[in-house]
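Here's a quick briefing to read alongside the structure. Take a look at the model first, then work through the points below.

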Amino acid sequence: MSDTGAGDAVATDGGEEGDATAGAPPGQRNVAIACQGGGSHTAFTAGVLEVLLTEVDWSTHELVGISGTSGGAFNALAAWYGLVTEGPERSVELLEELWDALSAKEGADWAVNSWLTALNRLEKSGFPFPQVSPYDVPGDELGKERIRDALEGCIDFDAIPPLCGRESPELVVGTVDVNGGVFETFTNEDVTVDAVLASAAVPDLFEAVELHGHAHWDGLFSQNPPVYDLMHQPPGRKPDELWVVQINPQEVEEVPTSTLEINDRRNELSGNISLNQELGFIERVNDWVETGKLPADEFTHTEIRRIEMGQRYDSATKVDRDPAFIRELMDNGREAAGEFLAEER
């Protein structure tokens with residue numbers, strides 16, 4: 001588990017003097033994957049990971065780490081666990097099982113999901129609603145327990161510690177420490193079901209999750225997704241490439257004018273702030289290495305590649321668990337990953 005302030009999360013991603021060394025052996029590329037959060041929209045990431053894990057030539061690439069925040073943490077965990085237990089095909093099975101378990105399929109669950117999505121859209125359109133704290137709503141814990149059941153139904157959390165080791169990819173889950181006001185990541189054996197729940201604890205929907213005497217909220221308020229821990233790996237495990245699965249669009253063509261459009265864009269921009277800060281520092285270090293301002297034998301170039309969702313949905317649908325919508329997002333993810341690999345080839 002690591003605890004970092006906002007400045008630390010940005011200022012150390014490019015490598016520390018004396019620690020950064022050449023990553024993979026000649027002919028091999030070390031790869032780290034970072035999965036941005038974004039509620040139900042992260043079903044897109046599940047589709048991306050299914051293709052990457054089964055179609056990348058892993059004889060020339062080595063996965064050295066995978067991180068995630070909120071829904072991105074669900075995907076990172078399922079992909080990692082399947083990979084280290086049985087292999088890529090198991091990762092695909094777990095991603096499918098997890099999103100099937102999270103989907104609103106049954107009558108009452110489907111009705112509640114439809115009502116919450118519609119209510120969320122009306123609220124973001126400017127319709128006045130009374131603000132209710134999740135601490136005053138008894139259904140809060142029911143929603144959290146449903147997510148817990150889905151996670152524990154797919155992942156044996158007691159088996160995670162012995163699976164961690166030098167040969168396994170780094171597993172990183174991002175949260176924010178509400179009391180301390182700092183970013184906090186949980187890595188490898190510290191990734192418990194509570195840590196993953198904390199990473200998805202949206203403050204206006206769920207109560208904070210207490211870990212080690214501190215309250216934790218959704219990792220969207222911290223590193224979205226975590227990059228710091230992925231970059232600081234032992235010699236020989238440094239990422240040569242960082243693949244970012246980005247849920248929130250980076251650019252839009254038109255200026256938002258309606259209340260809903262403005263709220264959507266604010267949501268997207270806030271979700272990208274920490275990511276762009278961290279990636280910006282990596283790019284700056286890359287430039288310093290290339291111009292000779294940093295010694296190339298101590299600092300290495302990390303290629304940043306983004307796999308963006310592309311298709312825009314209003315932010316209200318980040319709570320939508322309709323099975324057809326989840327399937328659409330996963331299909332979009334598979335298509336985007338296919339295009340990404342086609343470009344690489």
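Let's start with a tryptophan: Trp288 is partly exposed, with a relative accessible area of 28%. Keep in mind that this is a predicted model.

**Aromatic pairs**

- The structure has 3 aromatic pairs.
- One of them brings together Trp243 and Phe340, edge-to-face, at 5.1 Å centre to centre and with 75 degrees between the planes.
- Trp243 sits in strand S8 (residues 241-246) and Phe340 in helix H11 (residues 323-344), so this pair ties together parts that are 97 residues apart in sequence.
- Trp243 counts as buried, with 0% relative accessibility, and Phe340 also counts as buried, at 5%.
- Trp288 pairs with Phe281: the ring centres are 6.2 Å apart and the planes are at 90 degrees, so this pair is edge-to-face.
- Phe281 is on the buried side of the cut-off, because its relative accessibility is 13% and buried means under 20%.
- Trp288, at 28%, is partly exposed, because that class covers values between the 20% and 50% limits.

- Strands S4 (residues 170-177) and S5 run antiparallel and are joined by 6 bridges.
- One of the contacts to look for is Val173, whose bridge partner in S5 is Phe186.
- S5 (residues 182-187) is mostly covered, with 6 of its 6 residues buried.
- Which way do the S5 residues point? Val182, Glu184 and Phe186 go one way, while Phe183, Thr185 and Thr187 go the other, and all are buried.

**Cysteines**

- There are 0 disulfides in the structure.

- How much space lies in the second largest pocket? About 240 Å³.
- It is lined by 13 residues, and the closest to its centre are Val252, Glu254, Pro256, Glu261 and Arg312.
- By class, that lining has 8 charged residues, 5 nonpolar and no polar ones.

Terms used: Residues numbered from 1 in each chain as written. Predicted model: local features only at pLDDT ≥ 70, side-chain atom pairs only at ≥ 80, totals over all residues. Heavy atoms only, no water. 1 Å grid on protein atoms, 1.4 Å probe; cavity = no way out; pocket = protein on both sides within 12 Å on 5 of 7 lines; lining within 4 Å. Points joined across faces, edges and corners; volume = space filled by probe spheres on them. Nonpolar A, V, L, I, M, F, W, Y, C, P; charged D, E, K, R; others polar. Disulfide = S-S within 2.5 Å. Buried < 20%, exposed > 50% of the residue type's maximum accessible area, 1.4 Å probe, protein only. Helix = DSSP H or I, 4+ residues; strand = E, 2+ residues; numbered from the N terminus. Pairing = 2+ DSSP bridges. Phe/Tyr/Trp six-rings, centres within 6.5 Å; stacked < 30°, edge-to-face > 60°.
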